[in-house]
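Please consider the model shown here, with attention to its strands, its helices and its pocket. The report takes these topics in turn.

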Amino acid sequence: MNREYKNIEIKTFVQKILQIFIAAMMVGIFVCTGIFFTKLHQIDINYDINNHIHEIMLDNQELMLNIERPSIYANFENSGKKLSEIDVKTNELIQILKNNNQLSMAEEEKIKSSIEKLKQYIKDFNSLLGTSGSDFKSFNVLYSQSKLVDVKQNVLEYIFATKISVSSIKGYIEFLDSLIENNTKQIIDYKTQLIELKQNYAKTKLDKDKEYIELLEDKISTIDDEKTYLILSRKLLDGVKKLHEEKNEIKNFTDFENILTQLKLQVLSKIEHLEKTNDQLVLVGAIFAVLLIFTTFIIFKYSLDLTNALNILYKAFLNSPIQQVLINTKNKKNLYAEYVNDTFTFNVHAPTEQSESIRKAQAVNFYDSLDGIIDLSDSAKGFDYGTLIQESHSKIQAYNENDITSRKETRFFSVFRKNLGDNIELINKVDVTKKILQIKDYKTKLDNMQKKLDTDSLTGLLSLQALQDRELKDDKANKNNIFLYLKIDNFNDLRLNYSTIMIDEIIKVFANSLKNALNVKNNDEVLKSTSIYHLQLDEFCIVYKNHEEAMAAADLIQNHFKTQTMNSTRGKKNKFELKINSGMELKDLELNIGISSERDIRKSNQEIINRLAQAILASYETIKTKEPYCVYKEGLSIEKQHAEQQRVVGQIRYALENDKIFVVCQGVHNSITKEVSYYEVLVRLRDEHNNIVSPGLFLDVARKVGLYKDIQEVVINKVFDLIEQYPNANFSINLANSDIINKETRDVFEGRLEKCSRPEALCVEILESESIDKYDDLSNFLKSISFRGCKIAIDDFGSGYSNFYRLLKIKFDYLKIDGSIIESLVIDNNARTVLETLVGFAHKQGYEVVAEFVKNQEILKIVQDYGIEKAQGYELSKPEEPHNIFI
């Protein structure tokens with residue numbers, strides 16, 4: 001195939017394509033014209049539909065305006081007439097929509113149903129309107145006779161008002177009911193008195209009794225007339241109320257209007273779409289016409305220019321920066337290159353500029369070298385999509401990602417092959433060396449990062465990340481491996497007593513000792529070759545194939561970590577020593593070792609206990625049993641404890657999310673008069689079954705899982721709500737040191753206190769039994785709230801904590817004696833001695849004393865004898881919800 005033939009072939013092919021293109025454009029123009037006029041007709045129909053909908057909507061608005069008039073002025077004849085017009089026009093609209101296939105049977109039924117509902121509403125409204133008109137006429141008859149000026153004026157206002165709420169009418173009806181009831185009672189009372197007077201008059205015949213009888217009869221008559229007027233007024237207002245209710249029903253019945261609005265929007269959208277489509281059709285037709293003219297002009301006038309352009313394009317193909325070759329394969333034994341572009345080379349050491357004959361010879365050698373890498377058989381037609389090869393010293397081989405070097409003599413290429421027919425093969429050769437070397441560099445860096453992630457920097461052992469990647473991912477095949485988990489018992493105590501540097505040194509020494517434990521002489525090679533994972537701090541994990549290996553390793557570790565000078569108990573944990581350096585040795589250490597089952601256990605769709613979690617749970621079981629190690633099985637006591645904690649956490653989350661956290665109030669009473677001085681606010685929650693849960697069952701768990709703050713913020717808000725809701729009562733709230741140093745909780749408290757109308761009604765109880773880490777923060781907080789008027793109490797006073805003397809530097813109002821002391825007063829003389837000392841001290845300091853846990857009369861008597869001013873307990877009052885106390 002020579003160049004001239006190729007030019008003719010390309011030119012002929014393009015001309016045929018252009019002729020087909022012209023025919024297609026002519027067909028397109030005729031089709032666009034037909035669609036254009038069809039859509040114009042559809043636009044006219046939809047405009048007609050839109051006008052019908054608009055008329056119905058205007059009639060409906062007029063109907064609504066008539067109903068909006070004052071009750072006795074509404075004209076039911078106009079309403080009925082307007083409703084009939086709407087009905088007729090709606091049926092016409094349905095017919096138009098059906099004729100144009102724009103209304104389904106379901107939509108038709110929906111429209112008819114809504115118009116029927118509207119007709120029924122108007123019918124009911126007109127019926128009520130007639131009844132109210134009749135009642136109003138009766139009302140007018142008595143209107144001038146009644147002396148109830150306020151009632152007359154109010155009833156007329158309700159009748160003639162256009163905007164008035166049903167609830168206000170209902171309220172005034174209830175007021176009239178109370179007046180009627182009061183009149184009825186008065187009539188009964190007066191009639192009773194009248195009977196007695198008549199009986200007395202029959203005996204005495206005194207004139208004054210007769211006058212009083214006449215006076216009572218006049219009063220009864222007057223009150224009876226008022227009652228008659230009130231009953232008629234009530235009946236009239238009841239009718240007005242029903243009218244307003246029916247009016248609201250009609251106003252709120254928006255189905256018909258919504259359907260019309262939806263239809264109108266659909267029609268307008270369709271009109272817009274049709275008009276837009278027509279504009280597009282006009283544009284497409286214009287484009288077709290322009291292209292038709294332009295294409296015809298090209299065929300008849302620029303045929304020669306097209307040939308020249310194709311020649312230029314073919315030359316550009318030959319001079320492409322991509323190495324390109326045309327190989328003639330007619331004679332398999334004597335291949336030769338038809339063309340080769342200037343950029344082609346097969347020998348990386350060849351000079352940059354070579355003659356065409358040398359480049360053609362290189363092209364044939366290159367093609368021969370591809371045999372075995374690319375299918376060069378006659379049956380291999382079409383593209384070979386980018387086979388990667390690597391070329392070095394004129395030698396070609398398939399790309400091997402594991403044999404990538406950065407040597408200058410090695411280059412990497414992506415080779416594309418296409419059979420062009422007439423025994424001509426096109427070979428494109430693209431240099432991708434830079435990309436390949438970049439990919440290799442990225443992979444190397446990624447491997448190095450993975451190694452760092454997989455290695456614990458402190459101990460040199462494998463890391464938790466490595467354990468997760470190798471053992472815990474779902475796609476891992478080794479899902480039946482056994483996990484052995486171990487940690488040093490009470491390691492947190494060491495962390496409190498030693499620096500971070502020393503703790504790191506302890507962990508490194510322990511890790512080395514653990515490796516030595518498994519690498520003892522004559523040990524099983526399986527145990528020696530096992531990888532050890534350092535999870536965090538003193539936690540380590542070893543993975544085995546079966547339970548036998550894991551238990552053998554556990555025995556080895558226990559035997560290694562034991563104090564030689566101490567007698568060990570067979571079957572129980574051994575104490576051991578750990579020599580850190582020449583000047584430091586840790587003694588009386590214990591190991592907690594847990595072994596998992598052979599598979600992860602699914603508790604539910606959301607909860608899976610994987611093997612690492614099983615081994616951890618089993619290790620915690622040994623703290624209780626003191627066994628050398630524990631193999632996990634379902635139903636361990638620690639697992640039950642964990643499950644119970646999760647159940648309580650679920651209760652807490654449910655209560656927080658569903659507003660089931662609530663408070664109860666227990667009175668703090670004057671110990672003598674038993675009057676309530678203030679109420680202590682205590683928290684409770686309701687679970688999913690509406691059972692009440694006491695704080696002792698959930699507060700500790702809430703602290704462990706970080707939900708305590710959320711509960712306390714709810715309690716804070718409810719306490720301040722109580723202060724505002726019950727202005728004659730005082731309340732107290734328990735705040736722990738953790739609440740005060742927590743910025744979010746403190747901000748909630750201070751924000752509510754700043755807006756509180758009665759800060760003097762609040763007492764803040766500080767727990768003396770809780771450790772105080774930031775005394776200055778506590779002191780500043782208490783001084784701030786005391787300045788605002790709040791009272792302050794020390795709770796659990798005398799419980800033995802070391803905060804006592806520092807707390808007493810702050811001005812307090814109450815000291816609440818710890819309940820354990822009060823409970824012991826009846827049976828323990830020492831408790832009485834302690835109480836006498838605490839009360840004497842408190843009185844010298846000028847504090848009022850509160851005794852908690854006063855649960856019976858005997859304890860209350862002792863409290864009174866010791867001069868304690870206030871008492872709290874079941875003997876005086878039980879905790880109750882506020883609405884049960886403040887009735």
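The model is predicted, so local features need pLDDT of at least 70 and side-chain atom pairs count only at pLDDT 80 or more, while totals for chains, interfaces and linings use all residues. Residues are numbered from 1 along each chain as its sequence is written, and side-chain values use heavy atoms, with hydrogens and water left out.

**Strands.** Helices (H or I, at least four residues) and strands (E, at least two) are DSSP runs, numbered from the N terminus. Strand E22, residues 791-797, is mostly covered, with six of its seven residues buried; buried denotes under 20% relative accessible area, exposed over 50%, and partly exposed in between, for a 1.4 Å probe and protein chains only. Two strands pair if DSSP finds at least two bridges between them. E22 runs parallel to strand E21 (residues 762-767), to which five bridges join it, and Glu 765 has Ala 793 of E22 as its bridge partner. E22 also runs parallel to strand E23 (residues 814-817), here through three bridges, and Ile 794 stands opposite Leu 815 in E23.

**The largest pocket.** A pocket is an open set of points on a 1 Å grid over the protein atoms alone, with protein on both sides within 12 Å along at least five of seven lines, whereas a cavity is a set of points where a 1.4 Å probe fits but cannot get out; lining residues have an atom within 4 Å of a point. The largest pocket holds about 790 Å³ of space, where grid points are joined across faces, edges and corners and the volume is the space filled by probe spheres set on the points. Its lining has 34 residues, and Glu 680, Leu 682, Asn 734, Asp 795 and Glu 852 lie nearest the centre. Two or more lining residues come from each of strand E18 (676-686), helix H18 (699-705), helix H19 (708-725), strand E20 (731-735), E22 and helix H24 (819-823), and E18 gives the largest share, five residues. By class, the lining divides into 16 nonpolar, eight polar and 10 charged residues, where Ala, Val, Leu, Ile, Met, Phe, Trp, Tyr, Cys and Pro count as nonpolar, Asp, Glu, Lys and Arg as charged, and the others, Gly among them, as polar.

**Two helices.** The expected span used below is 1.5 Å times one less than the number of residues in the helix.

| Helix | Number of residues | First to last C-alpha | Expected span |
|---|---|---|---|
| H10 (residues 433-454) | 22 residues | 32 Å | 32 Å |
| H21 (residues 743-755) | 13 residues | 18 Å | 18 Å |

In H10, Thr 433, Ile 436 and Asp 454 are buried. Seen down the axis of H10, its buried residues fall within an arc of 85°, so they line one face of the helix; the arc is that of the directions from the helix axis to the C-beta atoms. The face turned away from this buried side carries exposed residues, including Lys 434, Tyr 442 and Leu 446. In H21, Thr 745, Phe 749 and Leu 753 are buried, and they cover an arc of only 65° around the axis, which puts them on the same side of H21. Lys 743, Glu 754 and Lys 755 are exposed on the other side of H21.

**Single residues.** Lys 674, in the loop between strand E17 (661-670) and E18, has a positive phi of about 70° although it is not a glycine. Asn 490, in the loop between strand E8 (482-488) and helix H12 (491-497), has a phi near 55°, likewise positive in a residue other than glycine.
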